[in-house]
Amino acid sequence: MTTSQSLIKRLFDLALSIVLLPFLVLPIFILIIIASLDTKQFGLFSQQRVGQFGKLFKIHKIRTLKNEMHHLGHLERSATKLGSFLRRTKLDELPQIFNVLKGDMSFVGPRPDVPGFADSLKGDDRIILKIKPGITGPATLKYKDEESLLAMQDDPESYNRTIIWPDKVEINKNYMRTYSFSLDLKFILKSLLN
């Protein structure tokens, strides 16, 4: 990705988030209140994720899980009924517009992972860290049913690390190699239709 492409991408993210923000502030506020009542915890969930150049940042989501131990592959069991709906429809990710506005994230890019994945990439795989993580992207779209896929595995943690994660890395490396602004628009459209 060239410097001019990065600039256009950032200007687009900034412009779109400014346009969308007035329409999303009230729904986000209402969802936080409802999620607070539903989960009996503060309805805005924040967590450290690995961002551009490996820098950690706080991602924001609507809280969807009960206050209990959560295990990969069994997150759906920990979600409330409302939480399951929010996760399925991706409405839990609406607060990430503030991450985009701040510049921690982009609308399109690799999904930001918890420490232990992207920050441990080696060699040419580290190309993924050159761009901001995204709300959506090619790997996100391919693995939109990732929780269901992991729930079917005997060892979800191992399956994620040995099968899903390496595939996501390759998908995101290809996204970087073939990047174009029109490609971003295509991923945004596909995400809205999905």
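# Chat on a predicted protein chain

Author: Setting aside neighbours within four places in sequence, tyrosine 179 is in contact with Met1, Gln5, Lys9 and Asp184, where contact means heavy atoms within 4.5 Å.

Reader: What kind of model is this, and from where are the residues numbered?

Author: This is a predicted model, in which local features need pLDDT of at least 70 and side-chain atom pairs count only at pLDDT 80 or more, while totals for chains, interfaces and linings use all residues. Residues are numbered from 1 along each chain as its sequence is written, and side-chain values use heavy atoms, with hydrogens and water left out.

Reader: Back to tyrosine 179, then: where is it found, and is it buried or exposed?

Author: Tyrosine 179 is found in the loop between α7 (156-177) and α8 (181-193); helices (H or I, at least four residues) and strands (E, at least two) are DSSP runs, numbered from the N terminus. With a relative accessible area of 7%, tyrosine 179 is buried. Buried means under 20% relative accessible area, exposed over 50%, and partly exposed in between, using a 1.4 Å probe and protein chains only.

Reader: How far apart in space are tyrosine 179 and valine 50, C-alpha to C-alpha?

Author: They are 21 Å apart in space and 129 residues apart in sequence.

Reader: How many helices and strands are there in the protein chain?

Author: The protein chain has eight helices and four strands, and in sequence order the pattern is α-β-β-α-α-α-β-β-α-α-α-α. The radius of gyration is 17 Å, close to the 16 Å that the globule rule gives for 194 residues, so the chain is as compact as a globular protein of that length. That radius is taken over C-alpha atoms, and the globule rule is 2.2 Å times the number of residues to the power 0.38.

Reader: What does the C-alpha trace span along its principal axes, and what share of the residues is buried?

Author: The C-alpha trace spans about 45 × 45 × 30 Å along its principal axes. Buried residues make up 43% of the 194 residues. Of the contacts with a separation of 6 or more, 67% come from residues 24 or more positions apart.

Reader: How many positive and negative side chains are there?

Author: There are 28 positive and 20 negative side chains, and the centres of the two sets lie 4 Å apart. Lys and Arg count as positive and Asp and Glu as negative, while His and the chain ends are not counted. The place of a charge is taken as NZ of Lys, CZ of Arg, CG of Asp or CD of Glu.

Reader: Next, the strands. How many bridges join β1 to β2?

Author: Seven bridges join β1 (residues 44-50) to β2 (residues 56-62), and the two strands run antiparallel. Two strands pair if DSSP finds at least two bridges between them. The bridge partner of serine 46 in β2 is histidine 60, and that of glutamine 47 is isoleucine 59. The hairpin has five residues between the strands, and phenylalanine 53 there takes a positive phi near 60 degrees.

Reader: Which loop holds lysine 40, and which holds lysine 90?

Author: Lysine 40 is in the loop between α1 (3-39) and β1, with a positive phi near 60 degrees. Lysine 90 is in the loop between α3 (81-89) and α4, and has a positive phi of about 65 degrees although it is not a glycine. Most residues other than glycine have a negative phi.

Reader: Are those two lysines buried or exposed?

Author: Lysine 40 counts as exposed at 73% relative accessibility, whereas lysine 90 is partly exposed at 38%.

Reader: What about isoleucine 97: where is its place, and what is it in contact with?

Author: Isoleucine 97 lies in helix α4 (residues 96-102) and counts as buried at 2% relative accessibility. Leaving aside neighbours within four places in sequence, isoleucine 97 is in contact with Ser17, Leu20, Leu21, Leu24, Ile28 and Ile135.

Reader: And glutamate 76: which helix is it in, and which residues does it touch?

Author: Glutamate 76 lies in helix α2 (residues 75-78) and is partly exposed at 40% relative accessibility. Not counting residues up to four places away in sequence, glutamate 76 touches Ser84, Arg87 and Glu147.
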